[in-house]
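Here is a short report on one protein chain. Look over the sequence and the model first, then read on.

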Amino acid sequence: MNTPFNRFPLKPVSLAILVAVTLPSAPLFAQSASEEDVIEEVVATGTRLKGTASAVLQERKNQAFVADILGADQISRTGDGDAAAALRRVTGLTLVDGKFIYVRGLGERYSSTQLNGASVPSPDPTRSVIPLDLFPSDIIESLSVQKSFSPSMPAAFGGGNVDIRLKSIPTDFVFNMTGKFGTNTDNFDDAYQYNGGSNDWMGEDDGTRAAPASIVALWDNKQFLDNISTTEARDLLKELNTDYDPMLQSVDPDYGFNLSLGNSFDIDQDWRVGFLVTAGYDNTWNVSEQFIGEQAQRSGDVISFPRYFDEVDVTEHNVRFSGMANFGIDYNRNHRIDFSTVALNDTNDAISEKVGNTNNIQLSDGQRVRDFEVVYEERQMWTNQIRGQHTFTNLNFLGFDWQYTKSRSSRYAPGTMETRFILTDDNEDGIFDKTTESSLTNATTAARYQFQRLDDRVENLSWNLNYPYAIDRFDMEFKVGGDFVSKSRTAENRRFDINTRGFSDSSVLVGGIFNDILSDENLDGAELSSVPLLSDTTIAGDDYVAAQKVDAYYFEADIFFDNTWRISGGVRWEDYRQAVVPFDPKTNQIDLSDEDDRSQLAFQESDFYPALAVTYIMSEKVQFRASYGQTVVRPDTRELASSTYIDPLTDFPIGGTPGLRTTQIKNYDFRWEWYLDQGDNLSVALFYKDMDSPIESVQSPAQDGPPLVRIANAETGELYGVEFEFLKGLGFIGDGVWDNLFLSGNLTLSDSEIQLDGQNVVEQTGVSTSVTNLTRRLTGHSEYVVNTQLGFDSDNGEHSASLVYNVFGERILIPGIDGFDDSYEQPFHSLDVVYTYYPNFNTTVKFRVQNMLNQQKDIEFEDTLLRSETRGTSINLSLKYEF
């Protein structure tokens, strides 16, 4: 448990091969041109006006099914640092917690993610959907969001499928380096930090936070901490890291770098090889102030919180690095094989200092509670992928594509720690001194430690055979393919508490420094009681294993008639199997009460999923699309296990529900597209989704702390709306600067409704709850989403600027119970500006300001603030040089 994952999975032989691949490019650096070879340099400059915004329009236009494409240049123009932030610019998409994408108002469970067309694992223990902030924008070539289902896509398709396409082999020599520097306005003052490990700058715990070897040995031997002596407990506690006390320190600036090296060259007339290697590193800090309300109560028209934290200071330290190596070989431009390796690491280290009230500790009595919590997690993903593309010209250009991907993701969270002090205003001056008026004496639990580890593995093999055929006025292409996915997950969770009642003399618990109270000197001199000093709070279901297997075959036809009508469609057959098995860590036995429970944890279904799309090409500039598809959304792995986990979005405990049903969805789409000269375009889309048994969230009352959220099936649901998208140069207004400006944007207006059956919710979850609104919108659905961009490009191509605005409508985050309305995340008005300067052909200087309006995240119900979090205004400067 205390051994970190291997940071660099490449073996020495693999590294040697990688070096050998890059060495042939060395002569390109060393060669010098003779005078005879020197030619006059000709540099062609031109305006970048709308170039980045219109570069991917042709691909979208040629798609058989409704899709939106976001290219690397567009991502760079808006200054977004990762895939998640970039995708919020796409029509109808909103971003949640900086990680998960909601497509057309549907939660992250209704979207699927692929990497170069392959399934990949998730390092998030609460979701099977991969957090999209893992993918830095520097390695992304384009992002494709397909909003209408096609048979070549996974049937688990709700709002859309996001395909992250990584950068591939360059056509010419590429070598560039980028340095980045920045900060946030909330980071200017001192912020709470703690003593971490010596390798924190690398995003790696050096063992400081890990569980002591003596405790790990007990866990491994299934002894745990239940039957140890008082002396043993004291000795184990002395080995535990207790140096987590928050202290005010200055915040370092953000910094990072990226580099890319690639080339391709001909071996002879038929063979061509190439490579691309990229590496990136980012070290950032984020400081925020928050308010947290818990379990509201009503007295007449007045709503209050008996439990709340009104002084919350949070400091997050994020270290992210990425590496990618691509190697490709091409024969006669008809056969190509690419091999790629991707390594991603995202480490988040957060400490929060919270002061507030509980039901029993009230400000009116001259007391307050003081909590501090440390959450440290290392998320990693490694992917190896080999892809082949083959065209057989002697067989009427028969095409055969295939790919095999093997991925692994992990989450290592050592030493998550939380403690509670009691603050007492001893001198009655109205000020609670955290050092002199703080103690652990009135709290039952001095601290809770938690150690988590999760591993996901995915293997994905897919192939596609396509055959073009033309006759008379018909141009046709027929596709058959297979897609085979195997996933496995193992999860471990260990917890224990330090009990204040384990001390006979509570005077040793007085003081405001946790590390001093539990110092070796204090522990050696303390008299212990008969109450266990350490209590192992690991419970059944904290460990679980899960497996998932999908075998799919599909047939798809794409038929053009007279270059006017395009009919695309087919059918996909999927055989889906999934099992989730919770274990009791203390017995290593399956945590099931009877055979009925066991049958609920195994899930199998197979079905056909048809799709049809019709496109009417009115002219080269105008076309109409209509499509229909049948898809499903299946419960996440964690949601089928009966154990409870914490949702990082809300900090609410989530209880899984064995026996959840699959959501069946009928998808209808219609879009009109108008492509004008110079990249101008306009499109209007209508969509409707009819859902049977949508998977939703409901609340159950809690005795202490935040309410318990359970997962249950609603009876029915629907979603419908309209999308507008446009790009227009402003030269029509007049001459001069107007010729250098363009305006682009999109607007989504939609509504949704689900019907819940209160009795069915009780039967599914086993917990009685009073749902306030049995008819309501889908959780996470926003009735409107707006994106706009005002762009400027100078005539000489040396200057480029964008003013970017994004806002989403309020969305349900926490469903209401006991007469209280649902809690809504409030609109967040994001206004960013990006300026880019190109002083010469090799240099790019970029200046970016984000959240210029200094908006904060708010969650409200009935005009009452439930939670808030400041975000600050971030300022970043980067310098890129191309050799």
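## Basis of the model

This is a predicted model: local features need pLDDT of at least 70, side-chain atom pairs count only at pLDDT 80 or more, and totals for chains, interfaces and linings use all residues. Residues are numbered from 1 along each chain as its sequence is written, and side-chain values use heavy atoms, with hydrogens and water left out.

## The chain as a whole

The protein chain has 12 helices and 45 strands. Both are DSSP runs numbered from the N terminus: helices are H or I with at least four residues, strands are E with at least two. Of the 883 residues, 54% count as buried. Buried means under 20% relative accessible area, exposed means over 50%, and partly exposed lies in between (1.4 Å probe, protein chains only).

The accessible surface of the chain comes to about 37,200 Å². Carbon and sulfur atoms own 53% of that surface. The areas come from the Shrake-Rupley method with a 1.4 Å probe; for residues, only the protein chains shown count as cover.

Tyr467, Tyr469, Ile471 and Phe474 form a nonpolar patch on the surface. Together they have about 350 Å² of accessible area. Patches are made of residues with over 30% relative accessible area and no salt bridge; like charges are joined within 9 Å, and nonpolar side chains (Val, Leu, Ile, Met, Phe, Trp, Tyr) within 5 Å. A salt bridge is a side-chain nitrogen of Lys or Arg within 4 Å of a carboxyl oxygen of Asp or Glu. Strand β20 (residues 445-471) gives the largest share of the patch, three residues.

Ile471 lies in β20. Ile471 counts as partly exposed because its relative accessibility is 38%. Tyr469 also sits in β20, and is partly exposed at 39%. Leaving out residues up to four places away in sequence, Tyr469 touches Asn396, Phe474, Asp475 and Met476. Asn396 is 73 residues from Tyr469 along the chain, yet their C-alpha atoms are separated by 7.8 Å.

## Two positions in strand β23

Strand β23 covers residues 543-561 and includes Lys549. Lys549 has a relative accessible area of 34%, so this residue is partly exposed. Not counting residues up to four places away, Lys549 touches Val485, Ser486, Asp575, Tyr576 and Arg577. What joins the side chains of Lys549 and Ser486? A polar contact of 3.2 Å does. Such a contact is a pair of N or O atoms within 3.5 Å; within protein, one must be able to donate a hydrogen and the other to accept it, and residues adjacent in sequence count only if both atoms are side-chain atoms.

Is Asp558 buried or exposed? Asp558 counts as buried, because its relative accessibility is 12%. The side chains of Asp558 and Ser568 are joined by a polar contact of 2.6 Å. Beyond neighbours within four places, Asp558 is in contact with Asp475, Met476, Glu477, Arg566, Ile567 and Ser568.

## Helix α12

Helix α12 spans residues 758-765, and its buried residues are Asn760, Val761, Gln764 and Thr765. Seen down the axis of α12, these residues fall within an arc of 115 degrees, so they line one face of the helix. The arc is that of the directions from the helix axis to the C-beta atoms. An α-helix has 3.6 residues a turn, so residues three or four places apart point the same way.

The cover over the buried residues of α12 includes β32 (695-700) and β33 (708-713). At the start of α12, a side-chain oxygen of Asp757 reaches to within 2.9 Å of the backbone nitrogen of Gln759.

## Positive phi in two loops

Phe224 is not a glycine, but its phi is positive, near 55 degrees. Phe224 lies in the loop between α7 (213-220) and α8 (230-239), and is buried at 1% relative accessibility.

Glu862, also not a glycine, has a positive phi of about 50 degrees. Its place is the loop between β43 (856-861) and β44 (864-870). At 31% relative accessibility, Glu862 is partly exposed.

Methods. Contact means heavy atoms within 4.5 Å.
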